[in-house]
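Student: Hi! Could you walk me through this protein? I'd like to start with the charged side chains.

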Amino acid sequence: MTRIIALTNQKGGVGKTTTAVNLAAALASLKKRVLLVDMDPQGHATMGSGIDKHALANGGSLDVLLDEISASDAIVDCPNAGYQLLPANGDLTAAEVDLLEREGRERCLDRAIETVADRFDVVLIDCPPSLNMLTVNALTSAHGVLIPLQCEFYALEGLSALLDTVEQIRDSVNPALALDGIVRTMFDNRNSLTRDVSKQLSDYFGDDLLKTAIPRNVRLAEAPSHGLPVNRYARMSRGAHAYRVLAKELIGKLSL
């Protein structure tokens, strides 16, 4: 059965898109059929996958959400990454207004993914760093939420708000939505604050805090500028190794 996972955090700069791209590539390297859905108007997951967001020949996630083309027609291969992609660019900002006028507006992405889900083992959705109709669509279509989190004080404060949002989605449109895990990003165990926040997360969330932590790594930061996931850009780097371990952990935890 296909597992649909929304990667979300209302706080920007926590490694959400980095995790979406590199986890997708790591899962693909482990022979999983992966679709990455870019739901962020910044289009960073699209560019990081080696696809020019300014030249989407068949359209992107906006066109799919507005029912102008099918998801199957918009999906593109990412030969340098190993997975398939539903791309996005700045045009997606228009969806916020257009979707508000539609009946069943929170289920537009759900209906689209349903038409292609059986082609994939895993669908990863890269959400925008805010709570808007795009994020609501992602959370409505997902089976689970994966939360990338930087171990700092303000991140903990934002996490509480995010979990409230997840609970609201459960109560309204997606009662089966699960917390698939919290993954620590930009992790530096030499930093005392990082260790303190990590311990608080472990004490409170238990098994929902994934064992794998993603370290700060120069290669992870460099890879997007080359349009490559880190396992194709610097396969032996600490960042590439961490995402391979994370992919294996999720495969075991979620029976992917």
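Tutor: Happy to! Lys-16, Asp-40 and Asp-126 are linked in a network of salt bridges. Keep in mind that this is a predicted model.

Student: Okay, how far apart are Asp-40 and Lys-16, N to O?

Tutor: Their side chains meet at 3.9 Å, N to O. The pair joins distant parts of the chain: Lys-16 sits in helix 1, while Asp-40 is in the loop between strand 2 and helix 2.

Student: And are Asp-40 and Lys-16 buried or exposed?

Tutor: Both Asp-40 and Lys-16 are buried.

Student: How many salt bridges are there in the whole structure?

Tutor: A search finds ten. One of them pairs Arg-170 with Glu-167, with 2.8 Å between the closest N and O atoms. Those two residues are both in helix 8, three residues apart, about one turn of the helix.

Student: New topic: which residues touch the most other members in the largest nonpolar core?

Tutor: Val-37, Leu-65 and Ile-125, out of 51 residues in that core. A second, separate core has 36 residues, including Ala-25, Ala-242, Tyr-243 and Leu-246.

Student: What about helix 12, which residues are buried there?

Tutor: Among them are Ala-242, Tyr-243 and Leu-246. Helix 12 has 17 residues and reaches 24 Å from its first C-alpha to its last. After helix 12 comes Ser-255, with a positive phi near 55°.

Conventions: Residues numbered from 1 in each chain as written. Predicted model: local features only at pLDDT ≥ 70, side-chain atom pairs only at ≥ 80, totals over all residues. Heavy atoms only, no water. Core = buried A, V, L, I, M, F, W, Y, C linked by side-chain atoms within 4.5 Å. Buried < 20%, exposed > 50% of the residue type's maximum accessible area, 1.4 Å probe, protein only. Helix = DSSP H or I, 4+ residues; strand = E, 2+ residues; numbered from the N terminus. Expected span 1.5 Å × (residues − 1). Salt bridge = Lys/Arg side-chain N within 4 Å of Asp/Glu carboxyl O.
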